[in-house]
Amino acid sequence: MKQTIRVTINGRLYEEEVEPRILLAHFLRETIGLTGTHVGCVIGECGACSILLDGKVVKSCLHFAVQADGREITTIEGLAKDGELNPVQEAFVKNYAFQCGYCTPGMVMTSHALLQKNPNPTEDEIRKALAGNLCMCTGYVQIVDAVKDAAKGMKNG
Ligand code: FES
Ligand code: FES
């Protein structure tokens, strides 16, 4: 039987009827239409589906949509403000930190969450934060460089 949930996504309140077993990742993509959250492994290994739930980074394939009832979500679509990319997004572009882009939304969300908590992370802290996000094609050097660059930019800006 469907359940009604109310969830704030990127600052907008949605009230939707959902099947209790629909995954949060699928809810965001298929019900809400926010396809920036990617789905890879669906077993919590790749991190492509990473989003913020009440400000904390989570893998949305490991949650049911009903678990988001009454909570706040930020997806990759919610990071840019007034047409301006978020500093992490900008740094990914500047550092060529993606190729196919499949992992990128998850990488950016995880990096953004890290910098919110720790604006001046060491390389080790960046690598640890990103350990649950896999990239098949770029290599991690550029990704780590992008996060360092975003941290620098946030400090100077
Ligand atoms: S799709 Fe969620 S971790 Fe891979
Ligand atoms: S850019 Fe292709 S998987 Fe990371």
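# Notebook: a predicted chain of 157 residues

**Overall figures.** I began with burial and noted that buried residues make up 46% of the 157 residues in the protein chain. The model is a predicted one, and I kept that in mind for every entry below. I then checked the radius of gyration. A compact globule with 157 residues would come near 15 Å, and the protein chain has 15 Å, so the two agree. Along the principal axes, I found that the C-alpha atoms fill a box of roughly 50 × 30 × 25 Å. I looked up the accessible surface too: about 8,400 Å², with 51% of it belonging to carbon and sulfur atoms.

**Order of elements.** I counted the secondary structure as 5 helices and 5 strands. Reading along the sequence, I wrote down the pattern β-β-α-β-β-β-α-α-α-α.

**The largest core.** Which residues touch the most other members of the largest nonpolar core? I found Phe 92, Met 107, Ile 143 and Val 147, in a core of 23 residues. Helices H2, H3 and H5 (140-156) each supply at least two residues of this core.

**A second core and helix H1.** I noted a second, separate core of 17 residues, with Val 7, Leu 24, Leu 34 and Ile 73 among its members. What covers them? Just after H1, I found Gly 33 with a positive phi of about 85 degrees.

**The surface patch.** I turned to Phe 98 again, this time from the outside. Phe 98 sits in the loop between helix H2 (87-94) and helix H3 (104-117). Together with Leu 85 and Val 93, Phe 98 forms a nonpolar patch on the surface, with about 250 Å² of accessible area for the three together.

**The start of the chain.** I looked at Lys 2, which is placed in the segment before strand S1 (3-9). Lys 2 is partly exposed, at a relative accessible area of 47%. Not counting residues up to four places away in sequence, I found that Lys 2 touches Glu 17, Val 18 and Glu 19. I also took one distance: the C-alpha atoms of Lys 2 and Ile 32 are separated by 16 Å, and the two residues are 30 apart along the chain.

**Salt bridges.** How many salt bridges does the structure hold? I counted 7, and I looked at some of them in turn.

I found Glu 15 and Arg 6 joined through their side chains in a salt bridge at 2.8 Å, N to O. Arg 6 has 43% relative accessibility and therefore counts as partly exposed.

The side chains of Glu 123 and Arg 127 meet at 3.0 Å, N to O, in another salt bridge. Both residues belong to helix H4 (residues 123-129); because they are 4 residues apart there, about one helical turn separates them. I recalled that an α-helix has 3.6 residues a turn, so residues three or four places apart point the same way. Glu 123 is partly exposed at 33%, and Arg 127 is partly exposed at 38%.

For Asp 149 and Lys 152, I found the closest N and O atoms of their salt bridge 3.9 Å apart. These two residues lie in helix H5, 3 residues apart, which I noted as about one turn of the helix. Is Asp 149 buried or exposed? Its relative accessibility is 16%, so Asp 149 counts as buried. Lys 152, at 48%, counts as partly exposed. My last entry is that salt bridges with shared partners join Lys 94, Asp 149 and Lys 152 into one network.

Terms used: Residues numbered from 1 in each chain as written. Chains lettered and ligands numbered in written order. Predicted model: local features only at pLDDT ≥ 70, side-chain atom pairs only at ≥ 80, totals over all residues. Heavy atoms only, no water. Patch = residues over 30% accessible without salt bridge, like charges linked within 9 Å, V, L, I, M, F, W, Y side chains within 5 Å. Areas by Shrake-Rupley, 256 points an atom, 1.4 Å probe, with all protein chains shown as cover. Salt bridge = Lys/Arg side-chain N within 4 Å of Asp/Glu carboxyl O. Buried < 20%, exposed > 50% of the residue type's maximum accessible area, 1.4 Å probe, protein only. Contact = heavy atoms within 4.5 Å. Core = buried A, V, L, I, M, F, W, Y, C linked by side-chain atoms within 4.5 Å. Rg over C-alpha atoms; globule rule 2.2 N^0.38 Å.
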